[in-house]
Amino acid sequence: MCKHILNAQVSIRSPCCKKWFDCAECHAETEQHRLQQTLEMVFACKKCRKCFRKQVEDWDESDEYCPHCDNHFLLEAKTPKMALQVEGDDVRVDARMIKDDREKGEEKKTIWSLGEDVADKLG
Ligand SMILES: [Zn+2]
Ligand SMILES: [Zn+2]
Ligand SMILES: [Zn+2]
């Protein structure tokens, strides 16, 4: 169960270890290696439990919806505000978040940071 994203609507399959995660933080906590970048992400909708692929490169608004049940997953799953949730709770979590923020900056092209970008775009 993901504790970083409130009401996560999809799971994402990591291209490196082929496991399902709700977000990049879940991957970082579970795995010892860095998350591999990819332009094609594999998702699993939590509502209808079906899988689908998305090209991250030419992402548009229709890509924010599950192609099977039209579940709007992306905006629901935006991650950055998790800081409010865990603030001051656990120093180790804070340290990890700082590290992840830096990594996110390098990984602009992946879905893991796309939520923020799209949210900004939509205002
Ligand atoms: Zn991995
Ligand atoms: Zn998570
Ligand atoms: Zn669905």
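Reader: Which residue in β4 does Phe43 stand opposite?

Author: Happy to start there, keeping in mind that this is a predicted model. Strand β3 covers residues 40–45 and runs antiparallel to β4, residues 51–55, with five bridges joining them. Ala44 of this pairing faces Cys51 in β4. For Phe43, the residue opposite in β4 is Phe52.

Reader: Which residue takes a positive phi in the hairpin of β3 and β4?

Author: Good one to look up in the structure above. Between the two strands of this hairpin lie five residues. The positive phi there is near 65°, and the residue that takes it is Arg49.

Reader: Which strands stand at the edges of the sheet, and why is one side of each left without a neighbour?

Author: The sheet is open and has four strands, paired antiparallel in the order β2-β1-β3-β4. Each edge strand has a single partner, so one side is left without a neighbour in the sheet. The strands at the edges are β2 (20–21) and β4.

Reader: Now to the helix: is Ala24 buried or exposed?

Author: Ala24 belongs to helix α1, which spans residues 24–30. Within 10 Å there are 21 other C-beta atoms, and the cut-off for a buried residue is 20 or more. Therefore Ala24 is buried.

Definitions and conventions: Residues numbered from 1 in each chain as written. Chains lettered and ligands numbered in written order. Predicted model: local features only at pLDDT ≥ 70, side-chain atom pairs only at ≥ 80, totals over all residues. Pairing = 2+ DSSP bridges. Buried ≥ 20, exposed ≤ 12 C-beta atoms within 10 Å, placed from the backbone.
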